[in-house]
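Dear colleague,

Please find the structure below.

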Amino acid sequence: MSASREKKQRQNDPVGGLTQKQIQERKEAKIKKRNTVIYTVIGVVVAILVVALLVWHSGFFQGRSTAMTVDGRNYTPGEVSYYYNLARQQNGYLLSMYGMYDTSVDPKEQVYDEETGETFYDYFMSVAETQIIQNKALTDAAREEGMTLSEESQASVESDIENYRSQATQSGYPGLNSFLKAVFGQYVNESVLRDCLEEVYLANQYYTAHSDSLTYDDAALESYYEENADTLDTFQYRYVYFDGTAESTTDEEGNTVEPTEEEQTAAMEAAQAQADALVAEVEGGTSFDDAAQAVVDADESGSLSYPGQQTLVGSSLNSALQEWLVDSARQPGDVSVVESSGSGYYAVQFDGRYLDEEAIGQADIRHILILADVEEGAEEPTDEAMDAAEAEAQRILDEFNAGDQTAESFAALAEQYSEDPGSNTNGGLYEDVNRSTSFFTGFMDWIFADGRKAGDTGLVENTQQDQWGWHVMYLDTVDQVLWKYTASNALRSDDLSTWLEGLTSGIEAVQGSGIRYVE
């Protein structure tokens, strides 16, 4: 065989003339190589699956999903959880006080509206959606006008975060994020909290700025008064209330037995007869005071009382008496018997109504706080310590009265003597104090006492825990009388509602797949 034929034969021979052992070794090498490749690929796939599983359980993907879309902006489950849980905490607490909601039961398992089947989860979510829509609209408008977070708002954001951090420490949590997850849900961390707070404060900042820009002249206030005189006028009247509720009894076994319908009817008739008799006495010429006191004195049960003449703004009138008192035909001296929703009867006399031009609605006040010394280990100061604080307060007031008695001189004394850290660097001043301001009762009673006017001074005792002492008071400025303050607030509220409705009109919240991660 020629050399060329032998070479060609070897090329066409698949085993190339190898021995059986060599052939077997080659096959085993190929199998081993193939298995190595397969195992490597499987290992890579498993590693990828393990990483993906870990990432999934970490919440990475869920936390970045879209739970809600509002006017083109996607909100994450963490952001929606923040708003949802604020709504749940605030509204749920109030509802639980009235026995309408159980905070220990899943909101999805409690029906809020029997007619529609809406659950408390649905209700809280709708509240959250409304707030998200409003904040989105307000912050968009704010940014369009170039408004950014003020230093004060930014400081409030940082303060809120630090408060949460402090709560986390006090509650034994290892860090802020673990606390936020417990309070607001798994996908709320410090970053989400900060974003939400910055949105909330910018929205509030813009809303407040617009509110402050709304002012109303005397013509607008007078017009409002003409339409709402029944709620703004002050009414003077006298009354005695006769209870028409039949008393329950107790059976032999100690069980309470509610009165029958006949017994309740008889009790109401008796109450009406007493009221009729008092009114007849007044119509016969006896003064209401004398007739009322005679009825009270003759009452053996001791349940009747006569509070004397009442002076109240129309909006605060007893609902049972309001319709009769505000009737435009009512004249001073009119008397009548008025039923109170099946529970009793009033004998009532109308004395008059007027628009109070002096009662204070909002004012700026200054004060100087003198704290009483509290001995170490004691919970409150001794009488001697309180007397010493009062004497020092009186000494400061005497010093003020011996001077020019101006707001500036009082401010100087406040900065020199006051122990109130909230006002002792600005002359003891608190601005825009109204009847809803959360100062203690004695403080508020002094400011809004009948006849109070700018420039008045006085002393007020403070017996609050950790604030034991005396206040030297100075009424700096009366910003608005009560009826004008009420009218301007009502007009402002209506205008703000209309303005906000315009900003949010047509904006809807559309839930996304990530809504299932909202806790």
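Axes here are lines fitted to C-alpha atoms, for helices over the stretch in contact, and angles run from 0 to 180 degrees between N-to-C directions. Helices (H or I, at least four residues) and strands (E, at least two) are DSSP runs, numbered from the N terminus. The model is predicted: local features need pLDDT of at least 70, side-chain atom pairs count only at pLDDT 80 or more, and totals for chains, interfaces and linings use all residues. Residues are numbered from 1 along each chain as its sequence is written, and side-chain values use heavy atoms, with hydrogens and water left out.

Helix 5 (residues 120-144) packs against helix 17 (residues 482-504) at about 90 degrees, the axes being 9 Å apart. The two helices are therefore roughly perpendicular (65 to 115 degrees). In this contact (heavy atoms within 4.5 Å), I133, Q134, A137, L138 and A141 of helix 5 meet W499, L500, L503 and T504 of helix 17.

Beyond its neighbours within four places in sequence, I515 is in contact with T66, A67, M68, V80, Y121 and M125.

N85 is found in helix 4. The residue N85 is buried, with a relative accessible area of 3% (buried means under 20%, with a 1.4 Å probe and protein chains only).

Yours sincerely

Notes
Parallel < 35°, antiparallel > 145°, perpendicular 65-115°, else oblique. Buried < 20%, exposed > 50% of the residue type's maximum accessible area, 1.4 Å probe, protein only.
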